[in-house]
Amino acid sequence: MRRSRFPIAVTALVMAFFYLPVLILVANSFNPARFSSRWQGFSLVWYRRLFESPEIWQALKNTLVIAVSVTAVAAILGTAAAYALHRYGASRLQKVHYTLIYQPLVVPEILMGISLLMAFVAAGVPLGLFTIFLAHVTFCVSFVAMTVLGRLQDFDFSIIEAARDLGASPWQSTRKVLLPVLMPGIVAGALLAFTLSIDDFVITFFVAGPGSTTLPLRIYSMIKYGAPPMINALSTLLLIVTFTAVLASQRLARLKR
Amino acid sequence: MGSDPVLKKRRAEWLVSLPTLVWLTLFVVVPTLLVFAIAFRPANPYGGIGAGWTLETVRSLWTPSNLAIAGRTLWISLLTTAISLVLAVPTGYTIARASARWRNRLLMLVIVPFWTSFLVRVFAWKSLLHPEGLIKKALETLGLVGPEATLLYHPAAVVLVMVYTFLPFTILPIYAAAEKFDLRLVEAARDLGARPFQAFRKVFLPGIRRGVMTAVLVVFIPSLGSYIIPDLVGGPAGEMLGNKIAQRVFTDRNLPHAAALSAVLVLAVLAPLVAVLVLQRKSKRADIVMGEAP
């Protein structure tokens with residue numbers, strides 16, 4: 001009996017559909033032509049223009065300041081949350097906890113953006129880097145918690161009890177037994193939080209204020225108000241950063257499984 | 001006393017749960033409730049929220065143009081979901097069937113676009129569909145479109161880019177369900193004389209229905225809230241609810257109006273979520289009745 005080739009053909013098409021647009025974009029970042037349909041040889045002119053633009057450097061600085069602080073806070077909060085969810089999973093409190101953590105993963109970004117904007121306006125918090133930080137932590141915590149929870153799923157808590165029986169204090173058993181086992185999960189979650197924060201546009205757009213332009217906001221205004229193919233170059237650089245982070249996070253998540 | 005082990009465990013549980021509970025209450029629960037509250041407040045001329053309460057905003061939602069936008073948001077989301085499923089089911093099936101080595105490679109290929117900048121991917125399409133872009137030029141060379149045709153700023157462009165963005169999210173749950181499904185059942189159906197499409201429709205599809213339901217949710221819900229895609233490739237003819245919300249905030253500076261539209265979106269998002277939960281509960285019960293493993 002011959003197996004149908006149809007599903008394989010669809011899969012091949014889907015993969016081409018996924019990658020061709022991005023590959024063409026990367027190729028065009030080296031194309032000095034103003035419009036993408038004519039190839040005029042290899043050139044780094046858009047990259048040079050990019051590095052000469054002070055707005056880009058300022059946006060990069062804002063993006064990194066936010067991403068680093070968000071990652072640190074989200075990693076701690078998310079890890080604690082995952083531990084609580086796993087250890088006390090059956091209790092009613094954890095059911096509420098889980099629903100809350102799940103929320104940012106399903107709610108459309110625009111709703112999160114608008115509701116946070118309303119909250120900041122109502123509370124009189126001035127919009128800027130700080131409000132972006134608060135918003136990013138809110139959605140990153142869920143992603144870190146889910147990643148670490150995945151790691152905890154195959155953790156055997158009797159090891160902790162064994163450590164306690166052998167005379168370790170609660171703090172010692174946490175630091176010397178639990179944390180090392182969780183570390184790959186925490187780092188994977190943190191890398192994820194970092195890339196999500198660097199990439200986020202919609203939520204940032206709603207809660208940003210004057211002077212807190214991030215890279216995605218910059219890219220958006222370049223797309224919207226017709227800046228030249230410099231965006232191709234900037235996008236390529238952004239792709240390299242996220243690719244590296246994701247590959248590293250995938251490696252870590254698989255480690256010692 | 002503090003030495004009671006049950007009490008101690010409770011206290012430890014609260015201690016580790018409290019930080020996220022407080023954070024998410026402050027930044028998810030309260031803001032969502034505020035959206036519903038602000039929908040009933042008047043706007044003030046400075047772009048803020050006025051004093052007192054009013055039903056005016058909610059009442060003013062019922063306009064032909066708003067209904068047209070809501071209708072378009074719905075059909076664009078439904079079409080996106082349908083096309084994504086049609087592409088995701090054969091892909092998920094292929095990945096589940098593949099050898100371990102190919103399966104990992106294909107899965108990686110599905111996951112990578114998932115993490116590449118969303119804005120960058122939308123921009124890639126915008127430049128392809130641009131009047132001077134590659135696709136337009138290629139179609140023109142083939143004589144399929146005239147030089148005057150526009151591919152951008154059309155609802156079809158919105159659907160195309162939305163499928164592109166949400167397809168990875170659709171493939172993963174379908175793959176997860178197909179991987180658990182015993183594919184020999186399909187072969188058995190073929191051996192018993194079923195044609196390939198029959199075996200697919202009568203055996204495979206019912207077997208992965210839970211994965212299909214998850215896939216529907218993960219495309220349909222974010223589609224309803226789309227904002228960047230219609231904004232960048234849709235133009236006025238492709239505007240969706242998300243664009244209206246953003247316009248109320250950034251152009252009209254009318255927060256109560258934006259809040260009222262967002263409240264509608266929240267309800268629209270909740271409806272399919274509840275529907276699938278109910279369906280899943282029913283299908284679980286059906287499994288038990290039919291003697292399948294739950």
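Predicted model: local features only at pLDDT ≥ 70, side-chain atom pairs only at ≥ 80, totals over all residues.
A residue goes down as buried here if 20 or more other C-beta atoms lie within 10 Å of its own.

**Entry: chain A overall**

I looked up how much of chain A is buried: 45% of its 257 residues. I then went through the secondary structure and found eleven helices and zero strands in chain A. Read along the sequence, the pattern is simply α-α-α-α-α-α-α-α-α-α-α. For the dimensions, I have the C-alpha trace of chain A spanning about 70 × 70 × 30 Å along its principal axes. I also checked the contacts in chain A between residues at least 6 apart in sequence, and 77% of these join residues at least 24 apart.

**Entry: A:Met118**

I went to A:Met118, which sits in helix α5 (residues 109-123) of chain A. Is A:Met118 buried or exposed? I put it down as buried, because it has 28 C-beta neighbours inside 10 Å. I wanted its partners next. Leaving out residues up to four places away in sequence, A:Met118 touches B:Pro31, B:Leu34, B:Val35, B:Ile38, B:Leu255 and B:Ala259. I also took the C-alpha separation of A:Met118 and A:Ala27, which are 91 residues apart along the chain, and got 42 Å.

**Entry: where the chains meet**

Those chain B partners sent me to the interface. I have 64 residues of chain B in contact with 62 residues of chain A. On the chain B side, helix α1 (residues 5-38) of chain B brings the largest share, 16 residues. I sorted that side of chain B by class and got 45 nonpolar, 13 polar and six charged residues.

Helix α1 (residues 6-28) of chain A and helix α5 (residues 118-129) of chain B have axes that come within 9 Å and cross at roughly 80°. I therefore call α1(A) roughly perpendicular to α5(B). From α1(A), I listed A:Pro21, A:Val22, A:Ile24 and A:Leu25; they meet B:Arg121, B:Ala124, B:Trp125, B:Ser127 and B:Leu128 in α5(B). By class, I count seven nonpolar residues, one polar and one charged in this contact.

**Entry: the nonpolar core**

I looked for the largest nonpolar core and found one of 141 residues. Which residues have the most contacts inside it? They are A:Ile114, A:Cys140, A:Val144, A:Ala193 and B:Val161. I noted that helix α7 (residues 155-180) of chain B gives the most to this core, with 16 residues.

I followed up A:Val144 from that list. Again leaving out residues up to four places away in sequence, A:Val144 touches A:Ala74, A:Ala75, A:Gly78, A:Thr79, A:Gly189, A:Ala190, A:Leu192 and A:Ala193.

**Entry: A:Phe143 and helix α6**

I moved to A:Phe143, which lies in helix α6 of chain A. I count A:Phe143 as buried because 20 other C-beta atoms lie within 10 Å. Apart from residues up to four places away in sequence, A:Phe143 touches A:Gly189, A:Leu192, A:Ala193 and A:Leu196. I checked one of these by C-alpha atoms: A:Phe143 and A:Leu192 are separated by 7.4 Å, though 49 residues apart along the chain.

Helix α6 (residues 129-152) of chain A also pairs with helix α4 (residues 92-106) of chain A, so I looked at how the two are set: their axes come within 8 Å and cross at roughly 110°, which means α4(A) and α6(A) are roughly perpendicular to each other. I logged the crossing of α4(A) past α6(A) as left-handed. On the α4(A) side I have A:Ile101, A:Pro104 and A:Leu105, which meet A:Thr138, A:Phe139, A:Ser142 and A:Ala145 in α6(A). That contact has five nonpolar, two polar and no charged residues.

Most residues other than glycine have a negative phi, so I looked for exceptions. B:Tyr153 has a positive phi of about 55° and is not a glycine. I found B:Tyr153 in the loop between α6 (134-141) and α7 of chain B. I count it as partly exposed, because 16 other C-beta atoms lie within 10 Å.

B:Arg253 also made my list, with a positive phi of about 50° although it is not a glycine. Where is B:Arg253? I place it in the loop between α12 (241-250) and α13 (255-289) of chain B. With 15 C-beta neighbours inside 10 Å, B:Arg253 goes down as partly exposed.

Definitions and conventions
Residues numbered from 1 in each chain as written. Chains lettered and ligands numbered in written order. Helix = DSSP H or I, 4+ residues; strand = E, 2+ residues; numbered from the N terminus. Buried ≥ 20, exposed ≤ 12 C-beta atoms within 10 Å, placed from the backbone. Contact = placed C-beta atoms within 7 Å. Nonpolar A, V, L, I, M, F, W, Y, C, P; charged D, E, K, R; others polar. Axes fitted to C-alpha atoms, helices over the stretch in contact; angles between N-to-C directions. Parallel < 35°, antiparallel > 145°, perpendicular 65-115°, else oblique. Core = buried A, V, L, I, M, F, W, Y, C linked by C-beta atoms within 7 Å. Left-handed = near helix turned anticlockwise from the far one by under 90°.
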